[in-house]
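Subject: Structure for your review

Dear colleague,

Please find below the structure that I am handing over to you. After it, I set out what was found, topic by topic.

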Amino acid sequence: MTKAAIIGTGFFVPDNVVTNNDLTQWMDTSDEWITERSGIKERRWLKRDDDGFTTMSGAEMGAEAARMAIENAGIEATDIDQIIFATLNSDVFFPGNGVFIEDLLGLNCAGAMDVRNQCTGFIYSLAAADGFIRAGTARTVLVIGCEIQSTALDLSDRGRDMAVLFGDGAGAAIVQATDEADRGIIASVLHSQGRYARDLYGEAPMGNLKDRISAEIMAEGRHYPSMNGQMVFKHATRRFCESITEVLAKGEASIDDVALIVPHQANQRITDAVAARMGVGNERVFSNIAKYGNTTAATIPIALAEAVREDRLHKGDLIVTVAFGSGFTWGANLIRW
Ligand code: UT7
């Protein structure tokens, strides 16, 4: 039976490093607070020109990550017949960034779609890629997770709870059909609970408002993301553990079989709590939040690419990718590498 295997990964982060100390020039915060509450030491933010535009677009960052994934997979870009672009921010209101990737990589009119599932975007996208491949709709899928967060952060004291957490970056994976029985995506679980949508959301611009934005909305800072942090924290810890347990049961595997858990990088305290509850040592849980902060849909593909680069992921390993985020949405994938 045809299965979907990840055959190459890549990532791109901007050069510009913003440390916790750098943030103190804009807001009342400290390296101590950020480190203790989140584990983050620094993040990458794209530089901006005098008109406020970032020096690269999200699609351009995604294309850089994709080029590395294509090279590592040993395929030609034109082999890709489907693009799935996961992000909560596309460069323009519409269309989504997937089509810009089709153009930047010079693909042969490959299918392109965007998945707007915030921190769980890559989990949902891998499940979709798996479905496309198993159904015969596509053979080689480029999955990208990419975010520019730095343009939508409130750097005043009002926004400090959110602004210190997020970073820019992109990660990519080539998912391809394989007949190898012992390789590929084994199972995925996907969930949502819309009643909590407003506990972590970006309210504006709004499709149901004439002109989509107003001076009043901007003055009130409602175009910046907002979060009920402690509540998100509690739900996240619980849902991470539930998702891991559920996807393992679906794939008839045990936590002891798992070589590496690659969680969404939201907060080191969440990662540590999940590892402790699942009875897994830190050496089996990937973490790079100290360097990049939360890059939302990009965190898991960046982490996968770094895990490969750091020789922590090997062919035949059983891994779990897992995430929780805005929506609320959450889920996991069980993968034989
Ligand atoms: O990726 C999607 C999923 N996202 C998450 O999973 C994030 C979940 N939430 C969290 O990670 C944590 O709730 C935060 C890191 C956002 C906040 O940590 P916390 O331990 O929950 O802190 P808190 O919100 O309870 O705030 C404690 C204090 C408050 O001051 P008072 O009221 O105790 O005087 C805040 O005003 O810390 C203050 N504070 C800050 N102080 C310095 C909030 N942000 C900052 C800041 N620097 N940046």
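Which residues form a nonpolar patch on the surface? They are V92, V99, F100 and L104, and together they have about 280 Å² of accessible area. Please keep in mind throughout that this is a predicted model. With a relative accessible area of 37%, V92 is partly exposed, since buried means under 20% and exposed over 50%.

The sheet

From the surface we turn to the strands. An open sheet is formed by 5 strands, in the order β1-β7-β6-β4-β5, and its pairing is mixed. At the edges stand β1 (3-12) and β5 (111-115); each has a single partner strand, so one side of each is left without a neighbour in the sheet. On average, neighbouring strands of this sheet are turned by 20° against each other, direction ignored. As background, strands of a sheet pair through backbone hydrogen bonds, either parallel or antiparallel.

Both kinds of pairing can be seen at β6. Strands β4 and β6 run parallel and are joined by 5 bridges. Within this pairing, I83 stands opposite L142 of β6, and I84 has V143 as its bridge partner. With strand β7 (residues 169-178), β6 pairs in the antiparallel sense, over 8 bridges; here G145 stands opposite G171 of β7.

Is strand β6 buried or exposed? Of the 8 residues of this strand (residues 140-147), 8 are buried, so β6 is largely enclosed by the rest of the structure. T140, L142, I144 and C146 point one way from the strand, while V141, V143, G145 and E147 point the other way. The residues of both groups are all buried.

Helices on the sheet

Helix α3 (residues 58-73) lies across β1, β4, β6 and β7, and runs at about 125° to β1. Helix α5 (residues 121-135) also packs on the sheet, where it touches β1, β4, β5, β6 and β7. The direction of α5 makes about 165° with that of β4.

Salt bridges

In general, side chains of opposite charge can pair when their charged atoms come close. How many salt bridges does a search of the whole structure find? It finds 13, and three of them are described here.

In the salt bridge between D28 and R160, the closest N and O atoms are 3.8 Å apart. This pair links distant parts of the chain, 132 residues apart: D28 is in the loop between α1 (20-23) and α2 (31-38), and R160 is in helix α6 (residues 160-163). R160 counts as partly exposed, at 40% relative accessibility.

R239 and E242 make a salt bridge whose closest N and O atoms are 2.7 Å apart. Both residues lie in helix α8 (residues 229-250), 3 residues apart, which is about one turn of the helix. R239 is buried, with a relative accessible area of 9%, whereas E242 is partly exposed at 32%.

Salt bridges that share partners also join E180, R183 and K315 into one network. Between E180 and R183, the closest N and O atoms are 3.4 Å apart. E180 is partly exposed, with a relative accessible area of 32%, while R183 counts as buried at 16%.

Yours sincerely

Notes:
Residues are numbered from 1 along each chain as its sequence is written. This is a predicted model: local features need pLDDT of at least 70, side-chain atom pairs count only at pLDDT 80 or more; totals for chains, interfaces and linings use all residues. Side-chain values use heavy atoms; hydrogens and water are left out. Patches are made of residues with over 30% relative accessible area and no salt bridge: like charges are joined within 9 Å, nonpolar side chains (Val, Leu, Ile, Met, Phe, Trp, Tyr) within 5 Å. Accessible areas come from the Shrake-Rupley method with a 1.4 Å probe; for residues, only the protein chains shown count as cover. A salt bridge is a side-chain nitrogen of Lys or Arg within 4 Å of a carboxyl oxygen of Asp or Glu. Buried means under 20% relative accessible area, exposed over 50%, partly exposed in between (1.4 Å probe, protein chains only). Helices (H or I, at least four residues) and strands (E, at least two) are DSSP runs, numbered from the N terminus. Two strands pair if DSSP finds at least two bridges between them. Axes are lines fitted to C-alpha atoms, for helices over the stretch in contact, and angles run from 0 to 180 degrees between N-to-C directions. Contact means heavy atoms within 4.5 Å.
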